[in-house]
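Here is a short briefing to read with the model open beside you. Take the topics in any order you like.

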Amino acid sequence: MILKRTILMMVVLLPIFYLKAQGRTQPVEIPAFTFFKLGDNSLFTQQDLSSKGKIVLIFFDPGCGHCQEEVEAIGDNVDKFKDASFYFITMQDKPLIQEFVDKYGKKLKGRSNVTFLHDGKYEFITKFNPSEYPSLYVYSANKRLLKYLHGPKNVNTIVAVVNQ
(Lines give C-alpha, C1' and ligand atoms only; values in the text may rest on other atoms or scores of the structure.)
Protein backbone atom coordinates (compact mmCIF):
# COMPACT_ATOMS: atom_id res chain seq x y z
CA MET A 1 0.00 0.00 0.00
CA ILE A 2 2.78 2.43 0.92
CA LEU A 3 4.65 1.59 -2.29
CA LYS A 4 1.53 2.26 -4.38
CA ARG A 5 1.02 5.61 -2.65
CA THR A 6 4.68 6.52 -3.18
CA ILE A 7 4.47 5.73 -6.88
CA LEU A 8 1.20 7.64 -7.20
CA MET A 9 2.71 10.67 -5.47
CA MET A 10 5.72 10.56 -7.79
CA VAL A 11 3.51 10.37 -10.88
CA VAL A 12 1.43 13.29 -9.67
CA LEU A 13 4.26 15.44 -8.28
CA LEU A 14 6.93 15.07 -10.97
CA PRO A 15 4.92 17.10 -13.49
CA ILE A 16 4.36 19.71 -10.77
CA PHE A 17 8.13 19.91 -10.20
CA TYR A 18 8.62 20.42 -13.92
CA LEU A 19 5.96 23.11 -14.20
CA LYS A 20 7.14 24.89 -11.07
CA ALA A 21 10.70 24.97 -12.37
CA GLN A 22 9.60 26.80 -15.50
CA GLY A 23 10.06 30.49 -14.73
CA ARG A 24 9.39 30.28 -10.99
CA THR A 25 12.09 31.19 -8.53
CA GLN A 26 12.66 30.23 -4.95
CA PRO A 27 11.25 32.59 -2.32
CA VAL A 28 13.59 35.36 -1.24
CA GLU A 29 12.03 35.26 2.22
CA ILE A 30 10.77 32.17 4.00
CA PRO A 31 7.01 31.98 3.36
CA ALA A 32 4.42 31.01 5.95
CA PHE A 33 4.04 27.25 6.27
CA THR A 34 2.72 24.57 8.59
CA PHE A 35 4.61 21.29 8.88
CA PHE A 36 4.60 18.62 11.59
CA LYS A 37 7.54 17.46 13.72
CA LEU A 38 8.33 13.82 13.11
CA GLY A 39 8.61 12.70 16.73
CA ASP A 40 5.53 14.17 18.39
CA ASN A 41 3.51 15.37 15.37
CA SER A 42 3.35 18.89 16.86
CA LEU A 43 2.80 21.85 14.56
CA PHE A 44 5.90 23.55 13.26
CA THR A 45 5.69 26.92 11.46
CA GLN A 46 8.18 29.42 10.09
CA GLN A 47 8.03 31.15 13.48
CA ASP A 48 9.59 28.05 15.06
CA LEU A 49 12.73 28.29 12.91
CA SER A 50 15.95 29.24 14.66
CA SER A 51 16.59 32.97 15.03
CA LYS A 52 20.36 32.42 15.25
CA GLY A 53 22.78 31.36 12.55
CA LYS A 54 21.89 29.94 9.16
CA ILE A 55 18.64 28.13 8.47
CA VAL A 56 19.07 25.15 6.15
CA LEU A 57 15.94 23.62 4.65
CA ILE A 58 16.41 20.33 2.83
CA PHE A 59 13.50 18.97 0.81
CA PHE A 60 13.92 15.24 0.26
CA ASP A 61 12.16 12.02 -0.61
CA PRO A 62 12.95 8.91 1.46
CA GLY A 63 13.17 6.76 -1.69
CA CYS A 64 15.60 9.10 -3.48
CA GLY A 65 19.11 7.63 -3.59
CA HIS A 66 20.75 11.05 -3.82
CA CYS A 67 18.74 12.18 -0.78
CA GLN A 68 19.84 9.13 1.17
CA GLU A 69 23.51 9.77 0.33
CA GLU A 70 23.24 13.49 1.11
CA VAL A 71 21.64 13.04 4.52
CA GLU A 72 24.16 10.35 5.43
CA ALA A 73 27.05 12.59 4.31
CA ILE A 74 25.68 15.56 6.26
CA GLY A 75 25.50 13.29 9.33
CA ASP A 76 29.10 12.16 8.81
CA ASN A 77 30.23 15.80 8.58
CA VAL A 78 27.77 17.55 10.89
CA ASP A 79 30.53 18.95 13.10
CA LYS A 80 31.99 20.85 10.13
CA PHE A 81 28.91 23.06 9.88
CA LYS A 82 29.19 26.28 11.85
CA ASP A 83 26.19 27.93 13.44
CA ALA A 84 23.45 26.31 11.32
CA SER A 85 20.09 24.69 12.03
CA PHE A 86 18.92 21.94 9.68
CA TYR A 87 15.31 21.19 8.81
CA PHE A 88 14.69 18.09 6.69
CA ILE A 89 11.26 18.19 5.04
CA THR A 90 9.33 15.54 3.12
CA MET A 91 5.77 14.79 2.09
CA GLN A 92 5.97 11.01 2.40
CA ASP A 93 4.18 8.88 4.97
CA LYS A 94 5.58 9.01 8.49
CA PRO A 95 6.63 5.33 8.63
CA LEU A 96 8.77 5.91 5.51
CA ILE A 97 10.27 9.05 7.04
CA GLN A 98 11.07 7.27 10.29
CA GLU A 99 12.68 4.37 8.43
CA PHE A 100 14.74 6.88 6.40
CA VAL A 101 15.90 8.70 9.54
CA ASP A 102 16.76 5.46 11.32
CA LYS A 103 18.80 4.21 8.38
CA TYR A 104 20.39 7.32 6.82
CA GLY A 105 19.99 10.07 9.40
CA LYS A 106 20.96 8.19 12.53
CA LYS A 107 23.95 10.50 13.18
CA LEU A 108 21.58 13.48 13.07
CA LYS A 109 18.95 12.10 15.45
CA GLY A 110 18.77 13.87 18.78
CA ARG A 111 20.90 16.85 17.72
CA SER A 112 19.48 20.15 18.95
CA ASN A 113 20.08 21.84 15.58
CA VAL A 114 18.37 19.15 13.46
CA THR A 115 14.63 18.70 12.95
CA PHE A 116 12.82 16.26 10.68
CA LEU A 117 9.48 17.57 9.43
CA HIS A 118 6.47 16.06 7.67
CA ASP A 119 4.73 18.20 5.05
CA GLY A 120 1.31 16.65 5.61
CA LYS A 121 -0.51 19.47 3.84
CA TYR A 122 1.72 19.29 0.73
CA GLU A 123 2.72 22.96 0.95
CA PHE A 124 6.45 22.83 0.28
CA ILE A 125 6.35 22.47 -3.51
CA THR A 126 3.94 25.35 -4.07
CA LYS A 127 5.65 27.67 -1.58
CA PHE A 128 9.36 26.93 -2.16
CA ASN A 129 9.39 25.86 -5.84
CA PRO A 130 11.96 23.06 -5.68
CA SER A 131 13.11 21.79 -9.06
CA GLU A 132 14.22 18.32 -7.95
CA TYR A 133 15.20 16.10 -5.04
CA PRO A 134 17.13 16.93 -2.98
CA SER A 135 16.66 20.69 -2.81
CA LEU A 136 18.63 22.68 -0.26
CA TYR A 137 17.85 26.26 0.77
CA VAL A 138 20.20 28.30 2.93
CA TYR A 139 18.56 31.26 4.64
CA SER A 140 20.05 33.86 6.96
CA ALA A 141 18.85 34.24 10.55
CA ASN A 142 16.57 37.04 9.32
CA LYS A 143 15.02 34.50 6.91
CA ARG A 144 16.46 35.87 3.64
CA LEU A 145 17.56 33.41 0.95
CA LEU A 146 21.34 33.18 0.63
CA LYS A 147 21.67 30.16 -1.65
CA TYR A 148 19.58 27.49 -3.37
CA LEU A 149 21.11 24.16 -4.41
CA HIS A 150 19.30 21.31 -6.11
CA GLY A 151 20.19 17.83 -7.19
CA PRO A 152 23.06 15.75 -5.88
CA LYS A 153 25.89 17.75 -4.32
CA ASN A 154 29.16 16.77 -2.70
CA VAL A 155 29.04 17.32 1.05
CA ASN A 156 32.10 19.60 0.85
CA THR A 157 30.10 21.90 -1.44
CA ILE A 158 27.26 21.94 1.07
CA VAL A 159 29.63 22.67 3.97
CA ALA A 160 31.20 25.54 2.00
CA VAL A 161 27.83 27.07 1.08
CA VAL A 162 26.40 26.81 4.59
CA ASN A 163 29.57 28.19 6.23
CA GLN A 164 29.97 31.01 3.72
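Helices and strands here are DSSP runs, a helix having at least four residues and a strand at least two, and they are numbered from the N terminus. With that naming, P134 sits in the loop between α4 (124-128) and β6. Please keep in mind that this is a predicted model.

**Helix α5**
- Helix α5 spans residues 155-163, and its buried residues are V155, I158, V159, V161 and V162.
- An α-helix has 3.6 residues a turn, so residues three or four places apart point the same way.
- Among the elements that cover the buried residues of α5 are the strands β3 (54-59), β4 (84-90), β6 (135-139) and β7 (145-150), together with the helix α2 (65-76).
- Where α5 starts, N154 has a side-chain oxygen within 2.6 Å of the backbone nitrogen of N156.

**The nonpolar core**
- The largest nonpolar core has 47 residues, and those touching the most other members are L57, F86 and F88.
- If neighbours within four places in sequence are left aside, the contacts of F86 are V56, I58, I74, F81, N113, V114 and T115.
- In soluble globular proteins, nonpolar side chains tend to be buried together.

**Cysteines**
- A disulfide is a covalent bond between the sulfur atoms of two cysteines.
- With a cut-off of 2.5 Å between cysteine sulfur atoms, the model has zero disulfides.
- C64 is buried because its relative accessibility, 12%, falls under the 20% limit.
- C67 also counts as buried, with a relative accessibility of 1%.

**Backbone details in loops**
- A cis peptide bond runs from Y133 to P134, with omega near -25°.
- D83, in the loop between α2 and β4, is a residue other than glycine with a positive phi, near 50°.
- D83 counts as exposed because its relative accessibility is 56%, and the limit for that word is over 50%.
- K143, which is not a glycine, has a positive phi too, of about 70°.
- The loop that holds K143 is the one between β6 and β7.

Technical notes. Residues are numbered from 1 along each chain as its sequence is written. This is a predicted model: local features need pLDDT of at least 70, side-chain atom pairs count only at pLDDT 80 or more; totals for chains, interfaces and linings use all residues. Side-chain values use heavy atoms; hydrogens and water are left out. Buried means under 20% relative accessible area, exposed over 50%, partly exposed in between (1.4 Å probe, protein chains only). Contact means heavy atoms within 4.5 Å. A polar contact is a pair of N or O atoms within 3.5 Å; within protein, one must be able to donate a hydrogen and the other to accept it, and residues adjacent in sequence count only if both atoms are side-chain atoms. A nonpolar core is a set of buried Ala, Val, Leu, Ile, Met, Phe, Trp, Tyr and Cys residues joined through side-chain atoms within 4.5 Å.
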